[in-house]
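I opened the notebook to look up how this chain is put together. Here is what I went through, entry by entry.

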Amino acid sequence: NDIEFIYSEYFNKLEIARFSSSLGKYVGYTEFGVKNAERWNSDPSELARRKAEKERYCKHNVDID
C-alpha cells in the first residue's frame, strides 16, 4: 500500500503528463498534456496496463532494496 508507481511523459524537458498508481489515472500539466491525459484516461486498456505496472515492476523489485 505504501508503494506508488509513477510514469511521466516529457516533451522538450517539460513534464506534460503523469500517471500515478495512487490516483489510478493520468494528470496533464500542459495544454497538450491535458488533452493526452483525457484520451488516455478514456481508454480502459491503457489504464489497466499502467495499473498492472505497479504489480509487475514495483512489487517484484521491492525486496531488492
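Which residue in S2 stands opposite isoleucine 6? I looked, and serine 20 in S2 is the one opposite isoleucine 6.

**Ground rules.** This is a predicted model, in which local features need pLDDT of at least 70, side-chain atom pairs count only at pLDDT 80 or more, and totals for chains, interfaces and linings use all residues. Residues are numbered from 1 along each chain as its sequence is written, and side-chain values use heavy atoms, with hydrogens and water left out.

**Overall layout.** I found two helices and three strands in the chain. Helices (H or I, at least four residues) and strands (E, at least two) are DSSP runs, numbered from the N terminus. Along the sequence, I read the pattern β-β-β-α-α. The C-alpha trace spans about 40 × 25 × 15 Å along its principal axes. Of the chain's 65 residues, 31% count as buried. Buried means under 20% relative accessible area, exposed over 50%, and partly exposed in between (1.4 Å probe, protein chains only).

**The strands.** I checked the pairing next; two strands pair if DSSP finds at least two bridges between them. S1 and S2 run antiparallel, joined by six bridges. They form a hairpin with two residues between them, and asparagine 12 in the turn has a positive phi of about 55°. S2 and S3 also run antiparallel, with four bridges. Their hairpin has four residues between the strands, and glycine 24 in the turn has a positive phi of about 80°. Arginine 18 stands opposite valine 27 in S3.

**Serine 20.** I went back to this residue of strand S2. Is serine 20 buried or exposed? It is buried, with a relative accessible area of 7%. Its side chain makes a polar contact with the side chain of glutamate 4 (2.4 Å). A polar contact is a pair of N or O atoms within 3.5 Å; within protein, one must be able to donate a hydrogen and the other to accept it, and residues adjacent in sequence count only if both atoms are side-chain atoms. Leaving aside neighbours within four places in sequence, serine 20 is in contact (heavy atoms within 4.5 Å) with Glu4, Phe5 and Lys25.

**Helix H1.** I listed the buried residues of H1 (residues 31–41): Gly33, Asn36, Ala37 and Trp40. They lie on the same side of H1 because they cover an arc of only 105° around the axis, taken from the directions from the helix axis to the C-beta atoms. The face turned away carries the exposed residues Glu31, Lys35 and Glu38. What do the buried residues of H1 pack against? I noted strands S1 (6–11), S2 (14–20) and S3 (25–28), and helix H2 (44–61). Glycine 33 has 0% relative accessibility. Not counting residues up to four places away in sequence, glycine 33 touches Ile16, Ala17 and Gly28.

**The core.** Nine residues make up the largest nonpolar core: Phe5, Ile16, Ala17, Phe19, Tyr26, Ala37, Trp40, Leu47 and Cys58. S2, H1 and H2 each supply at least two residues of this core. S2 gives the largest share, three residues. Such a core is a set of buried Ala, Val, Leu, Ile, Met, Phe, Trp, Tyr and Cys residues joined through side-chain atoms within 4.5 Å. I ended on tyrosine 26. Its contacts, beyond four places in sequence, include Phe19, Ala37, Trp40 and Leu47.
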